[in-house]
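Here is a short walk through one protein chain. Keep the sequence and the 3D view side by side as you read.

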Amino acid sequence: MEPRVICVLVLACVLTLSSLAQGKLETCVVAPHHRTNCGVPGITPSQCKAKGCCFDNTVRGVPWCFHPVAVDNTIDGMAREALWGLKV
């Protein structure tokens with residue numbers, strides 16, 4: 001595949017993902033050591049989500065019920081700049 005075609009495909013994917021995230025101001029994708037506790041020990045996933053928080057019990061030693069974080073759209077701007085030289 002030609003490099004230009006690959007660049008166009010990558011840009012289309014980035015724009016699609018960024019448009020999906022624009023309606024969402026927060027995300028539950030948080031590095032385990034950056035989680036801010038939102039619940040008490042023994043909280044259930046449904047209780048956690050009812051508080052507007054995120055639940056992930058796959059990592060021991062960190063909060064399982066934690067606050068979501070703001071979506072960072074800098075990746076979208078960096079991708080446009082890298083591919084097309086556009087500053088956002």
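Does Cys-28 count as buried, partly exposed or exposed? Cys-28 counts as partly exposed, because its relative accessibility is 41%. Here buried means under 20% relative accessible area, exposed over 50%, and partly exposed in between, with a 1.4 Å probe and protein chains only.

A word on the model comes next. It is predicted, so local features need pLDDT of at least 70 and side-chain atom pairs pLDDT 80 or more, while totals for chains, interfaces and linings use all residues. Residues are numbered from 1 along each chain as its sequence is written, and side-chain values use heavy atoms, leaving out hydrogens and water.

Start with the fold. The chain has 3 helices and 4 strands. Their order along the sequence is α-β-α-β-β-β-α. Helices (H or I, at least four residues) and strands (E, at least two) are DSSP runs, numbered from the N terminus. Of the chain's 88 residues, 22% count as buried. Contacts are heavy atoms within 4.5 Å. Among contacts with a separation of 6 or more, 58% come from residues 24 or more positions apart.

Now turn to the disulfides. A disulfide is a pair of cysteine sulfur atoms within 2.5 Å. The structure holds 3 of them. Counting bonded cysteines along the chain, the pattern is 1-5, 2-4, 3-6.

Take Cys-28 again. Cys-28 pairs with Cys-54, sulfur to sulfur 1.9 Å. The torsion about their S-S bond is about -75°, so this disulfide is left-handed. Cys-28 sits in the loop between β1 (26–27) and α2, and Cys-54 in strand β2, so the pair ties together parts 26 residues apart in sequence. Cys-54 is buried, because its relative accessible area is 2%.

Next comes the link of Cys-38 to Cys-53, with an S to S distance of 1.7 Å. It is right-handed, with 45° about the S-S bond. Cys-38 lies in the loop between β1 and α2, Cys-53 in the loop between α2 and β2, 15 residues apart. Cys-38 is buried at 8% relative accessible area. Cys-53 is buried too, at 7% relative accessibility. Beyond its neighbours within four places in sequence, Cys-53 contacts residues including Cys-48, Cys-65 and Phe-66.

Cys-48 and Cys-65 form a disulfide as well, S to S 2.2 Å. Its torsion is about 95°, so it is right-handed. Cys-48 lies in helix α2 and Cys-65 in strand β3 (residues 65–66), so the pair ties together parts 17 residues apart in sequence. Both Cys-48 and Cys-65 are buried.
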